[in-house]
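Subject: Structure for you to look at

Hello,

Here is the structure I said I would pass on. Please open it and keep it in view while you read the notes under it.

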Amino acid sequence: MRNSNGSGQPNEQREGPVTLRHKAIRHTTADQRLLDSRLRADWKTKDAWRALRILSEFVEGFDTMADLPPAVSVFGSARSKPGSPECVMAEELGAALARSGYAVITGGGPGVMEAANKGASEAGGLSIGLGIELPFEQGLNEFIDIGIDFRYFFARKTMFVKYAQAFAVLPGGFGTMDELFEALTLVQTRKVTRFPVVLMGRDYWRGLLDWMEKTMAGGGKISPLDLDLICLTDDVSEAVRHIIEADAAIVAEQEAAERAAAERLAKDAGTGD
Ligand SMILES: C/C(=C\CNc1ncnc2c1ncn2[C@@H]1O[C@H](COP(=O)(O)O)[C@@H](O)[C@H]1O)CO
């Protein structure tokens, strides 16, 4: 939904290729209708169709994102104001990533997302926004070269992970925490190849990291090694260097694994196994 008309009500709603205006606007989102257990009566008739709609989001996303160069997903608050310390940092980070050859993927919204897209775009990089249908959504920010609007959070989240070499997470609220912890869980459970997670903003993250070290790791709820996944910094150059080095290390590991597999095959062929 976009552009409130002053009454706080949006005057236009986009649902995939469909635009709804005026009395046709629905005051719920696709995610809300899918997840609302009070709509149980609809499950039999509507969920099978929803599955096709969900599939179409994956098809559209895979098709569009497959052509990207190496990319970094940047997360952070939708509420930060332009010129705030985290927006300044996001803009510098977007620009530095672009100069190092990375495309920048964000949630396509305002605040930190917009700042990262702006930095990337103005530095000549490729700037991508994966928008999400929200009851108060404002549309994709103006610094996006490739934008995709998703109805379903989980389809959109797949794209952030699948097409990024690293995650950079700036100060943010629940949405940002969700994205951070999803990344850490995927790496911890080896659902994705180990990839770097950079937390930017030492003061903002210190309390959470201390709690993770003392309470989570101290209480045996995570392994202390899980915290090695995270790089904490205020320095944009250090963040980008960390991403480049981790990226190179992962590529080297993968190449070594492929070489070892090829050598095993050759050896087995030689011994007739
Ligand atoms: C809150 C406002 C607008 C929300 N618009 C969003 N557009 C796109 N993506 C969003 C939006 N809000 C949250 N996200 C996702 O979560 C992260 C930020 O959430 P947080 O709670 O603000 O930390 C972000 O990385 C997005 O992927 C009004 O201006």
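The notes below cover the ligand and then the pocket around it.

Please keep in mind that this is a predicted model.

The ligand

The shell around the ligand has 19 residues, and the nearest of them are Ala 78, Gly 173, Gly 175, Thr 176 and Glu 179. By type, the shell consists of 8 nonpolar, 9 polar and 2 charged residues. Helix H6, which covers residues 174-188, gives the largest share of this shell, with 4 residues.

- Gly 173 uses its backbone, where an N or O atom lies 2.6 Å from an oxygen atom of the ligand.

How much of the ligand does the protein bury? On its own, the ligand would expose 610 Å², and 87% of that is buried by the protein.

The pocket

Where does the ligand sit? The space it takes is the largest pocket. This pocket holds about 940 Å³ of space.

Its lining is made up of 38 residues, and those nearest the centre of the pocket are Ser 77, Ala 78, Arg 79, Pro 110 and Met 113. Several elements give two or more residues each to the lining: strands E4 (71-75) and E6 (127-132), together with helices H3 (85-99), H4 (112-122), H5 (153-162) and H6. Among these, H6 provides the largest share of the lining, 5 residues. Sorted by type, the lining has 15 nonpolar, 14 polar and 9 charged residues.

Helix H6 gives the largest share of the ligand shell and the largest share of the pocket lining.

Regards

Key. Residues numbered from 1 in each chain as written. Predicted model: local features only at pLDDT ≥ 70, side-chain atom pairs only at ≥ 80, totals over all residues. Heavy atoms only, no water. Near = heavy atom within 4 Å. Polar contact = N/O pair within 3.5 Å; in protein donor to acceptor, adjacent residues only side chain to side chain. Areas by Shrake-Rupley, 256 points an atom, 1.4 Å probe, with all protein chains shown as cover. 1 Å grid on protein atoms, 1.4 Å probe; cavity = no way out; pocket = protein on both sides within 12 Å on 5 of 7 lines; lining within 4 Å. Sits in = over half its atoms within 2 Å of the grid points. Nonpolar A, V, L, I, M, F, W, Y, C, P; charged D, E, K, R; others polar. Points joined across faces, edges and corners; volume = space filled by probe spheres on them.
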